[in-house]
Amino acid sequence: MSPARVKICGLSTPATLEAALKAGADWIGLVHFLRSPRHVDFEQASRLSAQARGRADRVILLVDPDDALVRAAIGAVDPDLIQLHGRESPDRVAAIRALAGRPVMKAIGVATRADLAPIAAYAGVADRILLDAKPAPDAALPGGNGHRFDWTILEGAELPDGTMLSGGLDSGTVRDALARTGLGAVDVSSGVESAPGLKDPAKIAAFVAAARSAR
């Protein structure tokens, strides 16, 4: 079985990006969402994207973007993948994918088994599905809150190839997460931070190593 693939999301400085690249991350994620402590403007994102070009797949995370924002993100970041982490409908995901001409990953919040129902519709229009802990109704952020969902919800579920797991993962839980869910890709943000938005190079390296050793 192939080693798990790893995405380090919410990178915002050249040093922590370099730590993720040296650790062997498959994807690096750049968050463009003003309310996030991990937000980077397009000037920052452009420089970080250039640093990672050819070394890892570059992901730009957007939340309910309009067409103008999608175009601006493509022009500034030249991402390999667009991550949609809002309330985008399947039709909107398809429209963004067509507009951008890039693969799209759709995040779906999970708290109960019923939350898996929309996956089929999104799997038809998105290139990859990300399962994240569903935020509380009053949560300020749609993701990156450091919470996990009950992985037993996924038992027996038919999930698209390439489905990625997120939510409350760190170097101490990722092995168990991969073993229990059977998924082959993970996404981490707060689990490799020393404080909200502050990535920790040692935690990044430990997370990637733990994920790789799980398979």
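**Helix packing and charges over rings**

Thr-16, Ala-19, Ala-20 and Ala-23 of helix H1 are in contact with Pro-201, Ile-204, Ala-205 and Val-208 of helix H7. Sorted by class, that H1 contact with H7 holds seven nonpolar residues, one polar and no charged. Before I go on: this is a predicted model.

Now the geometry. H1 covers residues 14–23. H1 and H7 pack at an angle of about 25 degrees, and their axes are 9 Å apart. Angles under 35 degrees count as roughly parallel, so H1 is roughly parallel to H7. The crossing of H1 past H7 is right-handed.

Stay with H7. Helix H6 packs against H7 too. H6 runs over residues 174–181, and H7 over residues 201–212. Here the angle is about 30 degrees, with the axes 8 Å apart. That again makes the pair roughly parallel, H6 to H7. H6 also passes H7 in a right-handed crossing.

Which residues make this contact? From H6, they are Val-174, Arg-175 and Leu-178. From H7, they are Phe-207, Ala-210 and Ala-211. The class count for H6 with H7 is five nonpolar, no polar and one charged. Arg-175 is on the H6 side of that list, and Arg counts as charged.

Next pair: H2 and H3. H2 spans residues 42–52, and H3 spans residues 67–77. Their axes come within 8 Å and cross at roughly 40 degrees. Are they parallel or oblique? The angle is roughly 40 degrees, therefore H2 and H3 are oblique to each other.

On the H2 side we have Phe-42, Ala-45, Ser-46 and Ser-49. They meet Leu-69, Ala-72, Ala-73, Ala-76 and Val-77 of H3. Ser-46 and Ser-49 sit in H2.

Charges over rings do turn up. Take Arg-148 and Trp-151. The charged end of Arg-148 sits over the Trp-151 ring, 3.6 Å from the ring's centre. Then Lys-106 and Tyr-122. Lys-106 lies over the face of Tyr-122, and its distance from the ring centre is 5.4 Å.

To recap. H7 has H1 roughly parallel to it, and H6 roughly parallel to it as well. H2 and H3 are oblique. Arg-148 is over Trp-151, and Lys-106 is over Tyr-122.

Notes: Residues numbered from 1 in each chain as written. Predicted model: local features only at pLDDT ≥ 70, side-chain atom pairs only at ≥ 80, totals over all residues. Heavy atoms only, no water. Axes fitted to C-alpha atoms, helices over the stretch in contact; angles between N-to-C directions. Helix = DSSP H or I, 4+ residues; strand = E, 2+ residues; numbered from the N terminus. Parallel < 35°, antiparallel > 145°, perpendicular 65-115°, else oblique. Left-handed = near helix turned anticlockwise from the far one by under 90°. Contact = heavy atoms within 4.5 Å. Lys NZ or Arg CZ within 6 Å of the ring centre and 35° of its normal.
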